[in-house]
Structure formats: C-alpha cells, structure tokens
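User: I am new to this structure. Please show me how to read it, one feature at a time.

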Amino acid sequence: MGKVFTGFGYWDVGAWIIFFIVAAAYVLWLRYQGRQDYKKGTEQDEIYWSGNETPEDGEGLTVPASSAYWGFRKALEPFYDRLVGMHTGVASDILGYYVVVVAFMAAIILLV
Amino acid sequence: MIGNAPFFVVGVLFMMALVGIFMSRNLIKIAIAVTILGSSVNLFLVSLGYRAGGSVPIHFLAGEGEVMVLPTPQAMTLTAIVIALAVTALLLSLIMHVWRHYGTIDVDEVRRLRG
Amino acid sequence: MNWNEHLPALLLALPLLGAFLAPLCSLGGKTVRNAMFMAISFLTLLVAFFLWRTVLAEGIQYYVMGGEGSRLSLPSGMAVPVRIILEVDALSAFMALCGAIASFAGALFSLNYMSRFTGLSRFASLYLLLTAGMLGMMITGDIFNFFVFIEVSSIASFGLIAFWRDRPAAVEASFKYALISQVGSMFILVAAGCLYGRYNMLNMAAIGSALQMGTMEKLALVFLVGSLAMKCGAFPMHMWLPDGYAEAPTGVTCLLVAVSQASLYGLARVCFSVYGIAIGSAFIPWMIIVFGLASMFFGVAMAVVQHDMKRLIGYHSVSQVGYMLLGLGVGLLVLGDPRAMAEFGMTAVTGGLFHAFNYTMYKALLFLAAGAVYYATGKRDLNDMGGLARKMPYTAVMFLIASAAISGLPPFNGFVSKLLIYESSFAVHPFLAVVALVTSVLTLASFVKVFQTAFLGPEKGVLAGVREVPPAMLAGMAVLTVVVLGLTLFPSWSLSNVAEPAARALVDQSGYIGAIMGGGM
C-alpha cells in the first residue's frame, strides 16, 4: 500500500513511520533514564544562558526573523544585493521582464 | 500587398502600445496603452476573417455573393472587446484608488511592495 | 436523464449560478448567503469528484455547448468541430478535483475570516466567479474559450486581491497583477488568432490533429508558453505573485494557488496535446526546464530573506512551481523518444503532476495557517511573533505538517513527488537534480525559521490575549490536512489512481484528439 517504485529505487512510507516510532521510543527511553543526582528546587533548576545573568523576562531573548540566517545572507551579499535589487516593485519593470523573455523566446525560435 | 495592410497596422499599433506602456510614467497613460494593445489584437482578429469581395455572414442578408467573410473572428472580437472593457474599467478604478492612497500616479513611486 | 453526461457543464454552471445568486441571497441575510456559499462550493466539489470518477471509469468525457446533442462533436458531416466543446480527460478531471478541494477549503475558511468585514455578497460573488473561471480553464477544449476563462478568472482575482481597498498595498498589488495579466492575455489572444488564421479552427484537439510547425505556429507556441509561464509565476516573470498572494484575503490566496495550477495545466495542455511531437526542436522543452530551475533556486533564495509571513510563503510558491515546470519540461524533452520516455520521461511527468496536486494542498494549507495567525494576532511580520504554539495548538500542528510536506521531509507526501522529479531529471543531467536538492534544503531552512520564530520561543507580552481561531477556519485547514495526510499514508494508491492516469492522459495526444475527431485518427 505504502510502497512506491520509482524505477531507480523505492519509497516506503511504512518503513519511515516505523523508524520514527522506534526513534521516538528510544529518545523517550533515554529521557526517562534521567540523571540520578537531579534534585528539584535547587540551583540545578536554573536556566543556563552561556554563563550570563539570566534575564527575568524572556521576551527580548529571541533572534528576530529578519536576523535569522544573517551569516548566510552576509556571505552571499553580492548575490543578494543583485537579486533583491532586481525586485524593484515598479510595475513597468515587472512587465518589462515578461515582454523581454517572450521577445527573446520568439527571436530564438524563429532563428533556429 | 494591399491585402496585408491591416496586418501592418496591427503590428504598428501593437508596437506603439508596448512602447507606450514602457515609456509613460503616468498610470493613466499606461492604461490607455493597454487599451490600444487590446484594440490592435481585435483588429488582428477581424482582419483574419476578411475574405476579398465577401458579403455579410448572415444567412438571409448575404445576397447573391458566393463568398462570405468569416463570422467566428467577429464573434471572438465582440467577446474580446467586452472583456477589454471590463479590464479597462478595473484598471482605471484601481488607478483611482492608487491616487487616493499614494497621492501620485507616477509608476516609479507606486512601489511599496518590493524586495 | 443521464446525469453523468452533463457533469462537465454542471461543473461550470454551479459556481456561475452561485456567483450571480450571491447578491440575491444576501437580501435574506448573512445566514442565507453563507449557506448558499457553502452549498455551492460543496456541490462543485462533489461534481468535480464524480466527474473524476466517471472519467477514470469511462474514458474522456466531452460536452458540446449549444449543439443538437451534447455528445455530437462533429454534427452533420462536418470535418472539424465548430462549436465550443468542453473536453475532460483524466488530467483535466484531476486538476479540477484539486482546484475544487482548494476552493472548498478556502470558502470554509473565509466564513469566519471575512465575517468582520462588509461587502461580503460581492466577496462571495467574486470568489465563485474565480472558481468558475479556474474550472473553465481546466476543462475547456477550445483555445478561445480558454482565453475567455483566463480573463474571467483574472478579472475576478483583480477584484479579490484589492478586496481590502482601503489598504494601499492591496490596491498596488492588484494593479500590478492587472497590468501584467492583461498584457499576457493579449498575447494569448494573438496566439489564438495565429492558430485560427492557419487552420480556421479553435478546437485544441482539431488544431492538434492538423498541426504542422511553421512561423505562425512557432509564434503562437512562444506566446502561449511565455504568458502561461508568467501566469503560474515562473522566474523572472514572478514578481506580481508574492505581492498578490500576500495582499489578498487569505481564503482567496488559497484559491489563487489553485488558479496558478490552472495556468500550469494550460501550459501542459498546449505543449503536450496541441503541439506534442510536432514541437520539433528541443528549444521550448529546455526553456521550460530553465524556467523551472531559475524559479526553484531564485524563488527560494528570495524566500529565505523575507520576514513577512505570507510574502515568504508566496516566494515559496515560485520555487515550488519550478519543480512542476522541471518535471513537465523533462517529459516534453523526451516525448518523441519512446525508450527514454519509458525509462524516465513518464516518471518526470507523473512526478510533476503529482507535485502539482501535493503543492496545491500543502501550499493552500500553509497560506490558511498564516491567515489564521494573522486573524488571531493581527500581525504578518515574523519579527513581532513568538510562542504562538501554546495559544494556537491546532494551527501550529497543521502548519508543522504543511511545512514538513513542502520541505519534503520523510514521510510526508512532498517527498514522494520530489523523489520522482529528482530521479528523472538526474537522468537528463545531474545538475538539474542538484539544483532541485539545494532548493529543497533551502526550503526546509526557511520553514524552520518561520516555525521557530512564530510558534516557538518565549511568549510576547503583546500577544497575551491571543486565542485559537474559530471552528470554521480550523475546519477549512482540517480539510486540507486530511488530504495531505491521506496522500502521505497511501502514496502508491494516490500515485496509481490519481497521478498516473493524469500523466498517461497528458502524453496520449492521439487519445485526446481522437475523442473529438473520431476514431480514424
């Protein structure tokens, strides 16, 4: 039922589901083992935040979405500058890309 | 040669419309150019159906002639005109709203959505 | 009276009736209008389903509009069909089913989502008109009629994108879409005129039976491919798409996803059924593959850096459409070569079409979930969100399922269709598969970002009063979740019963022509 042959290999959804169940069971088992020396209500309960003072309010701690993958974007800055610069948002530019692509295709197909 | 004249006109109108769309910065003028584009296509359709010396393609008005012009492109043109009318009306009303919100109808300044 | 015979016409008549009934029903108040809206959407879904069953059981269905009999394609000794014919093969029925599911889910979602606003009779009217236009594009067999339905759906979508006309961005997005869409439609009309001028026919099957490649045919092909690729959002003609998808009311975005699939259907129909092997050179197939690669990579590259939730998902639409274009392009490239076709061509086409179905379901679900977040919080910028999973558990779970499916995480359905596309495009050139894989990785990266910033993390003080969305919205999302999970759990059933008949119908040009022109082809 859940097996798909692609001609090169196959895909079995049942096997994956069994894998996830086994993996989840193993993780839960590991978690259940726990640490023997844990004591509730002592300093062990405190959040470890790179050795810094833990702020009371967690709100300011998150990385905002526009800073996520900052390194990726920084590394590819020339590429992104060009790509984002292409999206000028001017209506005639949007239309221009379309007309240029159609004209290019028409020219090539009539020449070839 | 003279039979192809409508197609030359179609080509010229089509190019004029495209040039108009890209060269004007005023949104109203762009809308006018889009209308011209529609008209050039309609002219193309009507000229496709023309047969030299043909009569009207209506059963009881055709007269003695053996040749009739094709009725299908005329039906297509009527449909296309109605559609173009609706789109033009919508374009103009959208431009009206753009003016209301942005205070300008310069195409280069209506670009809050970008990137 | 045999209802099966009239299913193709009913599929169009129902939403059209609903569109013009909506203002009338609004006189009876909100409940009557909503009941009518839901009833029509549900009946359309039922008709699409029965039509699909009928086509799978009995082969190609066609319906002659305005003829002496609805099954008389060549009346009184005519050599070519002269009337408007609706032709429904397995591919059309498959696409119509997919579109009808998305339309129903979007309508269900809109019941609550739009209830705060006025002008809802016009909303229902335009929504059903858009559904009618989309289904019309999918089942018509006439190229001029195809243009008419494209325009019906475009005009309805201009109105719907600008439905919140007091928001500048919505008006701007609608104007940009209207401009490019109108120019694109004119190119399609020129193409229809070119083909009519050559063959004096408008029926796609009849044109396909007579087609010889010449200058006019080449021009018509280029105009059709360019315009339809623009309509489904191929790079670099995609820029209207994130704008329009992000600014439209969310229920509509869900339907717009399906409408872009109707354009993709048109592209496939023109390339495979009208031109077929007569397409000659490999230029157009390679062009479609290049569109696919560029859309995939640049679309997802743009998506990674977005931080407006709906706009980000809109850029993912560009990249996902790339997969389907890649699959169809590979299939078209080897269409004339039976050995390569059997080896990987069919796999590519099947993968592309299955991906279209999967994509419509999970992308519609993603948009609905983003809309639910917007409904609950009033925010679309990911920077302002956080910790929503505690407040909106159902939305969070459904969003997680959809984002796992779109990223192609096992065991979800997105992976099955992507796998078929990877393997078949690898056979053409490994580079194609590499681009597809990189795209998949970046897709996962950007959805990890969305899920982490919106649903996980500490709670924001301003979002303390957020509640889970009302039941009709959850029901709309649940419909799509059930379909996604069904496709996930039964991949071989859905492949052999849903995608493969459609793929076989698409590559079987003589079958499509023969149904209209008679068996002698």
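User: Let us begin with a helix. Which residues of helix 3 of chain B are buried?

Analyst: First, the term. A residue is buried if 20 or more other C-beta atoms lie within 10 Å of its own, exposed if 12 or fewer, and partly exposed in between, with C-beta atoms placed from the backbone. In helix 3 of chain B the buried residues are Pro73(B), Met76(B), Thr77(B), Ala80(B), Ile83(B), Ala84(B), Val87(B), Leu90(B), Leu91(B), Leu94(B), Ile95(B) and Val98(B). Now the general idea: an α-helix has 3.6 residues a turn, so residues three or four places apart point the same way.

User: How are residues numbered, and what kind of model is this?

Analyst: Residues count from 1 along each chain as its sequence is written, while chains are lettered from A and ligands numbered from 1 in the order in which they are written. The model is predicted: local features need pLDDT of at least 70, side-chain atom pairs count only at pLDDT 80 or more, and totals for chains, interfaces and linings use all residues.

User: What covers the buried residues of helix 3 of chain B?

Analyst: Contact comes first: two residues are in contact if their C-beta atoms, placed from the backbone, lie within 7 Å. The cover includes helix 2 (27-48) of chain B, together with helix 5 (143-161) and helix 6 (168-199) of chain C.

User: How far does helix 3 of chain B reach?

Analyst: Helices (H or I, at least four residues) and strands (E, at least two) are DSSP runs, numbered from the N terminus. The expected span of a helix is 1.5 Å times one less than its number of residues. Helix 3 of chain B, residues 71-102, has 32 residues and reaches 46 Å from its first C-alpha to its last, close to the 46 Å expected. Gly103(B) follows this helix, with a positive phi near 70°.

User: How do I read the overall form of chain A?

Analyst: Chain A has 4 helices and 2 strands. Its elements run β-β-α-α-α-α from the N terminus on. The radius of gyration of chain A is 28 Å, well over the 13 Å that the rule gives for 112 residues, so chain A is more spread out than a compact globule. Its C-alpha atoms fill a box of roughly 80 × 50 × 25 Å along the principal axes. Buried residues make up 14% of chain A.

User: And chain B?

Analyst: Chain B has 3 helices and 0 strands. Buried residues make up 29% of chain B.

User: How many residues of chain C are in contact with chain A?

Analyst: 52 residues of chain C are in contact with 37 residues of chain A. The chain C side has 34 nonpolar, 13 polar and 5 charged residues. Here Ala, Val, Leu, Ile, Met, Phe, Trp, Tyr, Cys and Pro count as nonpolar, Asp, Glu, Lys and Arg as charged, and the others, Gly among them, as polar.

User: Is helix 4 of chain C enclosed or exposed?

Analyst: 18 of the 20 residues of helix 4 of chain C are buried, so this helix is largely enclosed by the rest of the structure. Helix 4 spans residues 120-139.

Key. The radius of gyration is taken over C-alpha atoms; the globule rule is 2.2 Å times the number of residues to the power 0.38.
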